[in-house]
Amino acid sequence: MLESILSYGLAVGAVYALIGITYNVMFSASRVFSFTAGMLGMLGGVLGALFIDKLGMNAILGFVLVLACGALLGVVTEILTVRPVLKSIEQHLYVLSTLAFALMVQQVTAIEWGTDAQPFPALIPIDPDSILAIIDQKFWLPLLACIVTIVGLEFLYRRTLIGRAFLAIAEDSYAARALGLPETGLRMASFALAGVIGAMAGFTGAQMLLAYFGNQPILSFYGFVPVALGGMGSNRGAVIGGLALGVFQQAANFLVGGIFAAVAVFAVFIVVLLLRPEGLAGAATARRV
Amino acid sequence: MSIKRRTVLTGSAAGVVSLTSSLAAPAIAQSDPIRVGYLPALTGPSSSTGVGITRGTELAVDVINKSGGINGRKLEMIVRDTQSDPTKAVNAVAELTQRQKVAAIWGPLNSGEALAATPLIARDKVPMLHPCWVDSLIDVKKYPMAFRMAPTNTQVGKGANHYVFNVLKLKKVAVVSDTTGYGTSSANTYVPMLKAMGAEVVYTNHVDAANPDLKPELLRMQSAGAQAIMPWSVNAGFLSRILNTRGAMGWDVPVVGQTTLGSGQTKALLDKPENWNKVYSNNFRNCCYVNGKLPPRAAEYVERLKKDKIEFADTLLWWVALGWDGAMMMAETLKAAGPKNTDMVAYWNNKVKGWPGIYGTVTWTPEEHNGFPDEDVVMCEVNSLKDGAFNIAPGYSS
Amino acid sequence: MTDIAATAPVRTSWLGRLEGKLSWILLGLVGLALPLLDDSYIGVIAQRAYIYWVLSAGLNLVVGYAGQIAIGWVSMLTLGAYTTAALAAGRVGPEWHPYLALAAGGLMGAVFGVIVGLPALRLRTFYFAMTTLAFSTIVTQVALAWKDVTGGGVGTPGPVFPWPFEPGWGFYYFCFILAALATWVTANIGSSRYGRALVAIRDAEVAAEASGIVKARLFTLIFLLAGALGGVAGGLFASLQSYITPEAFTFEMSVLFFIAILIGGRGSILGPALATIILTALPEFAAPLVQWSTFLYAALLLAIVLLVPGGIADMLDFKNRRPLTLHREIVPRTELLSRVLDRTDGRRAIVLRDISLHFGGVRAIDGLDLEIRSGEVHGLIGPNGSGKTTTLNVISGYYTPKTGTLQLDGADLPFDQPQVRANRRIARTFQTPRLVGAASVLENVMIGGTVHGHASFTEAMLSLPRHKRDERVLREAAMQALATVGLESLAEVRADRLQHSELRFMEIARALMLRPAFLMLDEPAAGLSAEEIRRLGDLIKAISREGVGVLLVEHHADLIFDICDRVTVLNLGKMLAAGTPNEIRSHREVVSAYLGA
């Protein structure tokens, strides 16, 4: 029983963590929280099922195409919904523009793809007798994706020039621009990267969550919880928060049942935010006069 | 085909019919079509039922009008898509009863919309036929003009419970539902019924359908000693997870429950086809194969469908049959009693005895507007789907 | 009281509300006459639009005025609907009379409106949006689970209201009357000092704080009202639907309310009302689009946000399309100052002792002493980053220093409470003008006088005499202040159409609304022409001669030496020199380090 809670909890938690990182990558580059994070996760599953199951591509090609679509959507998000409202960021119009864009994409998916959950293929052909099959790939794939992402991001941010430029923008975009960094280009690159991470979350998690348009609001919310708890912009916080949320949710499902598990998660979210608006790990921000 | 999505605005400003007055037959020339409102959910979630039923209704209206209509007048179905949204249904009822002045209404097809629509249709005194299962939708005192063409939830549950307890002779049962309105209310109704029969309900829970992991649920059912699982949900994803988890655990327990267990979407989500073995869903005796053959009325109907090249293998026979029956009942009543509301209701109350529908045999009385016989609710083997119909489950006397 | 107010026609132009009056009368007449059509299909659509508007009218104050992104407000509809339905059906105790049950629904909405709304005080925008979403999910889940009261998934019948508002046209008029009431009440709030304060919080929060607006209190009142209206709308909704199930309260519905407000225009009442009617009716008359309706709403929202952030209201605002005179001059009339200011008796002073403040490792201020005396202009100069604005922010309560004391007339002035400065009559302007762009210049100035209002929220809501007197007095005072700084001809113009220099003078007018004893100006001459700087200098000097203590943070050395009585020079957070302009002018270190002459 414990093994079941842990395997599912960690796998789902890894998907939440990746969506949380998607939020963070976009936030670092633009100071914007975007409702498109859940949308990317939803599309990762739907597009994957479309490419591999419906169009008959092989898994690797399908995966690469899904990531490319994610990157493209990231760039479109930046150009269409973020850049035009950045100059008046204090009005928070990005909340509306990204919500509108995410809703539009979700509706098109619902109409073109259908409103029923559809299956997602097993990606890696594994001999059921081999040692790899002890744990189902649908459990370890999201975890693997999460580990790869976090290691990759660490490498990018610490070891590469472009990664340092990302960090500089995140720290102080005004100063970064003054130093001659191409702020707009870096922001677009960040959104493309976020698109890749979000789509990967949905793709690797889709054997569990299925290819379903209704995953969007669920991922938008459950992916945001780790960001809110772990502190905005903190990827480590998002991973810890995401995994903890996944396990908590599964344990609550198991112990108190469906309805109350959902209420418990939402209530904990609200209460924690009220007590510590900056998140459990975050620091209070300074004033803005 | 005289189904219109919406007719143009018909002037009613000159009329003196007030909102609550009864709707008599509109004073129009004898050759004008007789209008009947129809409220399916054709788009949005859970629209596959509506699409299937509509196919039967359209066919019936076509056949009726080709063979002379209603005593020389055409039958016109005015369709409004409710989109599974009660607010849309409320608007549509107002349009159909007040502006279109329909003689009667067929539908809504989903309980969620019917719960909101029924009191309003009753208030406007328009005769109403519907196939929704929720028990409270039929109430001779509150809704004297509403009649049901289908079984009630209680009958559906009774059918499943009967199969588990009396036919399969299993005493320890696990009941599980999703957290939707339909799921919770069904499970909450059926558990006491099972207990009353003498069965032992060893496990019961409402589970969030979005929850990807049902293994804890099934493990607890197993450790509680369940001999049968009875899931109540219309969510194919949820049901397929139960079946897949059962398969992965290698647990050979029968699953008995809602019709969606046998839907194509559930099938598509199965990890392997064997997971569909030993799964029995609700169905209706008239639309099931017994020893490889459909009952005579249904067999004749299928012949007709094939002759008219009506596609139904991609949907379910009982949906198409139900749509056909609804329109046919309307046509027959209008032929015999005319379009006046009280006449139609009188006909339904007094003249419908053992009406031989394709979907079911209907009998109404002034005291009982639920017309579907208990014994017509049966279980079927879901893995036997062929041409939109299933084999009746093993154990029934034929 | 004044000659200015008499010459300039003073009109409330809160986004063309007066122009909108005609529209309201037309809308009302159409609503009253609609039953003559005797088409109850149209009746049902209209009832739905009215009910949605009752909720949206309240939500409009939250979203449109206060700028709080409450995307899950459908939860109030759910709460109100279930409370009314459950009480009227006798699911909790004895059966309640339907009208009483409806009132209880409103009360329930009010209570939860505050509970859901108040996190807005602590949370950033996106976080708040998420908590409202989370709450609406909780409400639906509880409705599913709490079978005894809500009927669980099967639902429960809605209330049927007896005479005089029985189902049919009676109920139609009930919805109509309540929608009209909601409109009236929220329009009263919108055009009151409470409404102006909300918009100020939305667009210029620091200026709102400096004007003494207490966000917590104001938000409590607004969420109370918006929740109550949502609850009442819920009760009506339950009756219209005749039967409610948890599935009826969808996120799409929440999005509809929300989008209607933004399409209508933030800070407007008429715009959102029209948008609510259009969005409710549209799917009925464009059947082929039904499937795409949510997509179209979202597309509309995106287009509005990107292209017409002002929404319908902006399109209806014809007055502000008229071109302004090009070569405008700002001619302050210092002789009016005696009417605008209260003469300060005796000598008063703000005294800073040994103030130190760090930002991370940087010492922004390091052991600063400063004294601002009434009747004097005190100049504060220094290179960039020397701590001038930081000092001003310490005095006006935005920063808490690490050490040191701050006293007003010998009594401690609490740090970190900007909103208490207004009541102590300490006013300020900002380096970058903080304004409500969509409001008129007059309204912007009136924001400065918020603390002088006497009418309670309820009085404002019902437009009672005391509220009307408040408005008259505030408007007259604002016209006086505008005349004093030389902007009265622009009183009715949208503030975002003004030139930069005019905004600087507008900020001074807003500060004068406090009838300040102390006035702190943060680089008021930046971006002004030489002639304007001269007039500004005369104005500041005249203000100080009325007994006001002025702190002037400035880069223009000429202005400082012309009008200051005393000057303090800062460098790296420390006082480099202090004295009369003449002493400073000849201070060796200052000359070499800063004046460079």
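Here is a friendly chat about how parts of chain C meet each other and chain A.

This is a predicted model, in which local features need pLDDT of at least 70, side-chain atom pairs count only at pLDDT 80 or more, and totals for chains, interfaces and linings use all residues. Residues are numbered from 1 along each chain as its sequence is written, while chains are lettered from A and ligands numbered from 1 in the order in which they are written.

Reader: How many Å apart do the C-alpha centres of domain 1 and domain 2 of chain C lie?

Author: Domain 1 covers 41-283 + 292-317 and domain 2 covers 439-501, with bounds from an automatic or database domain assignment. Their C-alpha centres are separated by 29 Å.

Reader: Which helix gives the most to the side of domain 1 of chain C that touches domain 2 of chain C?

Author: Two residues are in contact if their C-beta atoms, placed from the backbone, lie within 7 Å. The contact takes 14 residues from domain 1 of chain C and 16 from domain 2 of chain C. On the domain 1 side, α8 (169-190) and α9 (193-203) each supply at least two residues; helices here are DSSP runs (H or I, at least four residues), numbered from the N terminus. With 6 residues, the top contributor is α9(C).

Reader: Where does the largest share of the side of chain C that touches chain A come from?

Author: This contact takes 36 residues from chain C and 31 residues from chain A. Chain C's α6 (125-145), α12 (251-264) and α14 (293-307) each supply at least two residues of its side. The largest share, 15 residues, comes from α6(C).
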